[in-house]
Amino acid sequence: MSFASPIFLWYFVPAVLLAHWILPSTWRNGIVALVSLLFYTWGAGPFAFLLLAVIAVNYAAGLAIDSNKLADNVPARRTLLISTVTLNLAVLMVWKYAGFATQQANAIAHALGVGSVAIIELALPIGISFYTFHHISYVVDVYRRSRRAQKSIIQFTTYIAMFPQLIAGPIVRYHEISEQLCDTRRNRFNDFAAGFPRFALGLCKKVIIADSLAPIADAAFAHPAGELNTATAWIGAIAFTLQIYFDFSGYSDMAIGLGVMLGFRLPDNFNHPYSAYSITDFWRRWHMSLSRWFRDYVYIPLGGNRTGKINNYRNLLIIFILCGFWHGANWTFLIWGLYHGTLLIVERVLGFTEPPKSQLNRVLRRGLTFSLVVVGWVPFRSATLDDAAEMISAMFTWRPGLPDEFVIFAINNQRALIFALAIAVVFFPPARTLGDVIDSGKGAWPAMARTAVTFIGAPYAALLVAAGTFSPFLYYQF
């Protein structure tokens with residue numbers, strides 16, 4: 001069930017909010033847990049049993065790790081933690097990577113002439129990458145004693161399965177929300193008034209902007225090999241760069257807005273990422289909840305930057321290899337991760353991690369960083385490495401000609417206007433994010449922004465949804 005679908009917007013959300021409003025406030029977690037499982041079952045079908053199984057295992061593991069019986073038994077607590085994390089990763093690897101691994105094994109077997117390997121074909125459970133990271137966050141936080149184990153299975157299920165963030169984040173670390181699960185004292189009207197404009201902003205980003213850019217990017221990336229010219233390649237790469245930002249940040253805004261309406265504050269996920277002055281700065285601004293998760297649960301345990309430059313570079317490369325494969329079982333994602341990891345290392349070697357001191361240097365470095373990010377999105381979007389190589393070759397070797405006819409057909413007047421406005425928004429000065437302004441801004445301008453997205457943007461986006469012009473969120477596939 002997509003957030004940008006009629007059944008979600010006009011039936012599911014109103015029904016959930018109505019139940020949340022008319023039933024006792026102490027029922028909030030139970031209501032959210034129940035409707036979240038229904039939401040997941042609607043989209044994932046029998047995979048809901050897999051979700052319930054890993055919820056049960058991690059809930060029991062948390063209680064055991066935090067039990068008085070093991071309080072002073074560090075080896076037993078560590079063994080239980082490692083076993084639970086391994087189980088979570090094993091579930092993720094089987095369902096997400098078994099097919100890819102057997103494909104590679106089969107290719108190697110054919111190359112060596114030793115027969116073939118049976119290829120495993122498994123459907124990918126939606127949201128598995130996100131709820132796996134939530135489970136790992138929970139058991140690690142309990143093990144570190146930064147939070148006590150959750151004794152209520154209802155509250156634990158609410159944390160893991162909360163439908164606003166279940167499918168595509170933000171990734172919520174357990175210590176960020178544990179206290180909120182216990183606090184059900186809310187002014188529901190104020191929560192709705194605060195959360196709906198943020199939800200409306202996300203809906204506008206997704207339906208009005210991202211879905212308008214998608215046909216342009218799709219037309220360019222579907223171009224036959226050998227016939228791609230430079231103009232088409234750059235238009236397609238920039239269109240996808242804008243599409244994935246407005247699509248994913250739109251989803252995050254909708255998730256955050258829904259969370260507020262239900263009495264939860266989910267972490268922000270984006271902060272003007274295309275305003276970054278370096279790739280290091282970009283990763284402080286893009287998918288921030290994922291960056292923080294890798295920092296807290298992988299990078300720092302590996303030693304972070306405390307064990308010398310060489311080990312720091314190694315740790316960065318490990319993080320971004322994992323980040324690439326986390327996004328999908330394809331060599332294109334590995335290359336994307338290696339690309340960003342390598343750029344981060346180069347920046348550290350050259351000393352480009354600090355903010356530029358002059359305005360000119362800031363402008364130049366913003367332009368360079370944005371260009372590097374655009375190039376990086378090419379393998380991320382491409383189906384194969386050959387497709388990515390063809391696109392990048394066309395971008396950097398002059399191939400004259402007008403944009404492809406299919407791209408020109410995709411760029412009608414409305415999409416051309418949205419394309420131009422999206423680029424303008426990207427290059428605005430990196431002040432406060434619009435989501436932050438809508439959430440807590442004071443004065444005339446924030447009030448106008450809230451009014452505009454609520455009473456103009458959201459109804460227009462709803463009309464587009466009704467017309468069937470929406471598409472699934474890009475991050476649903478991860």
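This is a predicted model: local features need pLDDT of at least 70, side-chain atom pairs count only at pLDDT 80 or more; totals for chains, interfaces and linings use all residues.
User: Which residues make up domain 1 and domain 2, and what separates their centres?
Analyst: Happy to start there! The domain assignment gives 6-185 as domain 1, while domain 2 is made of 191-277 + 355-476. Taken over C-alpha atoms, the separation between the centres of domain 1 and domain 2 is 29 Å.

User: What area is buried between domain 1 and domain 2, and which three residues of domain 1 supply more of its part than any other three?
Analyst: The area buried between the two domains is about 2100 Å², and carbon and sulfur atoms give 77% of that. On the side of domain 1, 25% of the area buried against domain 2 is supplied by three residues, more than by any other three: L9, P164 and P170.

User: How many salt bridges and polar contacts are there between domain 1 and domain 2?
Analyst: Let's take the charged pairs to begin with: the count of salt bridges between domain 1 and domain 2 is zero. For polar contacts, with both residues at pLDDT 80 or more, the number of residue pairs across the interface is four.

User: Which element gives the largest share of the side of domain 1 that touches domain 2?
Analyst: Good one to check in the viewer. The elements giving two or more residues to that side are α2 (28-44), α7 (163-166), α8 (174-182) and α1 (6-22). The largest share, nine residues, comes from α1.

User: Among the annotated transmembrane regions, how far apart are the end C-alpha atoms of residues 316-339?
Analyst: The unreviewed UniProt entry annotates several transmembrane regions, including 80-99 and 316-339. Residues 80-99 are 100% helix, with end C-alpha atoms 29 Å apart. Residues 316-339 are 88% helix and 0% strand, and their end C-alpha atoms lie apart by 11 Å.

Terms used: Residues are numbered from 1 along each chain as its sequence is written. Side-chain values use heavy atoms; hydrogens and water are left out. Domain bounds come from an automatic or database domain assignment. Buried area is the accessible area (1.4 Å probe) that two parts lose on being put together, summed over both. A salt bridge is a side-chain nitrogen of Lys or Arg within 4 Å of a carboxyl oxygen of Asp or Glu. A polar contact is a pair of N or O atoms within 3.5 Å; within protein, one must be able to donate a hydrogen and the other to accept it, and residues adjacent in sequence count only if both atoms are side-chain atoms. Helices (H or I, at least four residues) and strands (E, at least two) are DSSP runs, numbered from the N terminus. UniProt positions are given in the numbering used here, feature names are shortened, and annotations may be inferred rather than shown by experiment.
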